Amino acid sequence: MQPRNMSMSGVVDLAAVKAAGEAKAKAEQVRAEAARTGGPAAVPPSALVIDVDEAGFERDVIQRSAEVPVVLDFWAEWCEPCKQLGPLLERLAVEYNGRFLLAKIDVDANQMLMQQFGIQGIPAVFAVVAGQALPLFQGAVPEAQIRETLDQLIMVGEERFGLTGIAVDAGADAEGAGSAARPAGPYDALLEAAMSALDAGDLAGAVQAYKNVLADDPAHPEAKLGLAQAELLARVQDLDPAAVRKNAADAPADVAAQIAAADLDLVGGHVQDAFGRLVETVRRTAGEDRDAARLRLLELFEVIGVDDPRVTAARQALARVLF
């Protein structure tokens, strides 16, 4: 029943790389199939808008958010702005045809959920994507702003978590086309080799396996992410964390010390600390030292993912100190 943050963003988890790549491929396959057949089938409105209570929150929101972004509309019968926003969200849920699920929560009947989300006023709208709760907006905002917010939410769900939306049960694929397994891709064996190397603690082998994929397909997303993460772990595996942090604190002008500390920050999940450290290092250095810090920062962006809002913020900060 309790909302949970199940996102692995900011924590280096190489075991998730393959799953993320497969999820993204699944989303792309669904979009391609919909385009081939002339668009997705209509989803019944009853499957698009649901009432949720505390007892069903885990099943109806947390579990469903692994398949589709779930938009939470916190409302009450006495709330006049809710009477404007609610029907608008319901209309958009039908229009978006399963790309998000609208879950309506009556705050009078679900005080615990209201407290858990820290809601101070209604209407309040949140989203849950892959188990991660995200605030969207509060109050009766303009429709154009809501559409923009929903479009961004759906894009993040597809590109980061492979969420494909609410599926239509077409008689369990009467023609049998949906029952066949997705054919193996041209790099599946190399990616499996990378994961096997990681499982065995062979970081050098994993790095080479990912490089082998990128030699043929330089833009391969799973291989790019896997290589960035494997190289990061290879850099820090023999470091003495206490010594690295002491060196960085004692010598703020030592670029190598700051870079090593940023690597440790990121592996420990302190994403903003890592980015901030390197942005500051870029700001106060020049020449080769500045290039070294800047390039390492760009490498760490790849580890987290270029669509992550922390990466976006750090890119803006980097631009300010560079220009």
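In this predicted model, the torsion about the S-S bond of C79 and C82 is about 80 degrees, so the disulfide is right-handed. The S to S distance between C79 and C82 is 2.4 Å, and the count for the structure comes to one disulfide.

| Cysteine | Relative accessible area | Class |
|---|---|---|
| C79 | 3% | buried |
| C82 | 7% | buried |

The largest nonpolar core holds 46 residues, of which F57, L72, F74, F100 and I146 touch the most other members. Two or more residues each are given to this core by helix 2 (57-63), strand 2 (70-75), helix 3 (80-96), strand 3 (101-106), helix 4 (111-116), strand 4 (124-129) and helix 5 (143-161). Helix 3 gives the most, with seven residues. With residues up to four places away in sequence not counted, I146 touches L85, L88, L89, L92, F137 and V141. Another core, of 28 residues, lies apart from this one and has A248, L297, A314 and A317 among its members.

Helix 11 (residues 271-283) packs with helix 13 (residues 309-322) at an angle of about 10 degrees, and their axes are 9 Å apart. Helix 11 is therefore roughly parallel to helix 13. On the side of helix 11, the contact is made by V271, Q272, F275, V279, V282 and R283; helix 13 contributes R310, V311, A314, A317, L318, V321 and L322. By class, this contact has 10 nonpolar, one polar and two charged residues.

Terms used
Residues numbered from 1 in each chain as written. Predicted model: local features only at pLDDT ≥ 70, side-chain atom pairs only at ≥ 80, totals over all residues. Heavy atoms only, no water. Axes fitted to C-alpha atoms, helices over the stretch in contact; angles between N-to-C directions. Helix = DSSP H or I, 4+ residues; strand = E, 2+ residues; numbered from the N terminus. Parallel < 35°, antiparallel > 145°, perpendicular 65-115°, else oblique. Contact = heavy atoms within 4.5 Å. Nonpolar A, V, L, I, M, F, W, Y, C, P; charged D, E, K, R; others polar. Core = buried A, V, L, I, M, F, W, Y, C linked by side-chain atoms within 4.5 Å. Buried < 20%, exposed > 50% of the residue type's maximum accessible area, 1.4 Å probe, protein only. Disulfide = S-S within 2.5 Å.
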